Amino acid sequence: QVQLVESGGGLVEAGGSLRLSCAAAGRIGNVNAMEWYHQVPGKERELVASISRDGTTNYADSVKGRFTISGDVAKNLVFLQMNSLKPEDTAVYYCAGVLPFTRRRVWGQGTQVTVSS
């Protein structure tokens, strides 16, 4: 069953903003990091941003300066503030928790973000 739940997606004009949220539906336990990915049909799921237990953040080059990841990794809570959105940001966005040792990902169900021209 789904253990993480995303929300906040929707339809927005280019240049607009959205804030995505992800929270655990149940107890997941310790994770090394929380991550945001996006995926379009027929293409691989791509890492957008991550935040580690010590608060270190990492971003894909395509979103640097526009997106900000934040949250509480220990509580399996993560946000993605998306500003200056572009049509190429259109995708399904997924959050993931990275489990220790195995590095298995626990996934959310995804939330659709559509940016119009």
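1. A residue is called buried when its relative accessible area is under 20%, exposed when over 50%, and partly exposed in between (1.4 Å probe, protein chains only). By that rule Cys95 is buried, with a relative accessible area of 0%. Cys22 is likewise buried, at 1%.

2. The model under review is predicted: local features need pLDDT of at least 70, side-chain atom pairs count only at pLDDT 80 or more, and totals for chains, interfaces and linings use all residues. Residues are numbered from 1 along each chain as its sequence is written, and side-chain values use heavy atoms, with hydrogens and water left out.

3. How many disulfides does a search of the whole structure find? The search finds one, where a disulfide is a pair of cysteine sulfur atoms within 2.5 Å. The partners are Cys22 and Cys95, and their sulfur atoms lie 1.8 Å apart. The disulfide is right-handed because the torsion about the S-S bond of Cys22 and Cys95 is about 55°. The pair links distant parts of the chain, 73 residues apart: Cys22 belongs to strand 3 (residues 18-24) and Cys95 to strand 9 (residues 91-98). Strands here (E, at least two residues) and helices (H or I, at least four) are DSSP runs, numbered from the N terminus.

4. Strand 3, which holds Cys22, is part of an open sheet of four strands in the order 1-3-8-7, with antiparallel pairing. Strand 1 and strand 7 (67-72) stand at the edges with a single partner strand each, so one side of each is left without a neighbour in the sheet. On average, neighbouring strands of this sheet are turned by 15° against each other, direction ignored; the axes behind such angles are lines fitted to C-alpha atoms (for helices over the stretch in contact), and angles run from 0 to 180 degrees between N-to-C directions.

5. Two strands count as paired if DSSP finds at least two bridges between them. Strand 1 (residues 4-7) meets strand 3 in the antiparallel sense over four bridges, and Glu6 stands opposite Cys22. Strand 3 also runs antiparallel to strand 8 (residues 77-82), to which six bridges join it. Within that pairing, Leu20 has Leu80 of strand 8 as its bridge partner.

6. Strand 9, which holds Cys95, is joined to strand 11 by three bridges, and the two run antiparallel. Ala91 has Val113 of strand 11 as its bridge partner. Strand 2 (residues 10-13), by contrast, pairs with strand 11 in the parallel sense over four bridges; there the bridge partner of Glu13 is Ser116.

7. The aromatic contacts deserve a separate point. Rings of Phe, Tyr and Trp (its six-membered ring) pair if their centres lie within 6.5 Å; planes under 30 degrees apart count as stacked, over 60 as edge-to-face and the rest as tilted. The count by this rule comes to two aromatic pairs. The Tyr37 and Trp107 rings have their centres 5.0 Å apart and their planes at 65°, so this pair is edge-to-face. Tyr37 in strand 4 (residues 33-39) and Trp107 in strand 10 (residues 105-107) are 70 residues apart, and the pair thus links distant parts of the chain. Tyr37 is buried at 11% relative accessible area, while Trp107 is partly exposed at 30%.

8. Tyr94 and Trp107 form an edge-to-face aromatic pair as well, 6.5 Å centre to centre with 85° between the planes. Tyr94 in strand 9 is 13 residues from Trp107 in strand 10. With 13% relative accessibility, Tyr94 counts as buried. Ring pairs link Tyr37, Tyr94 and Trp107 into a cluster.

9. Finally, charges over rings. A charge sits over a ring if NZ of Lys or CZ of Arg is within 6 Å of the ring centre and within 35 degrees of the ring normal. Arg45 lies over the face of Trp107, at 4.6 Å from the ring centre. Arg19 lies over the face of Phe79, at 4.4 Å from the ring centre.
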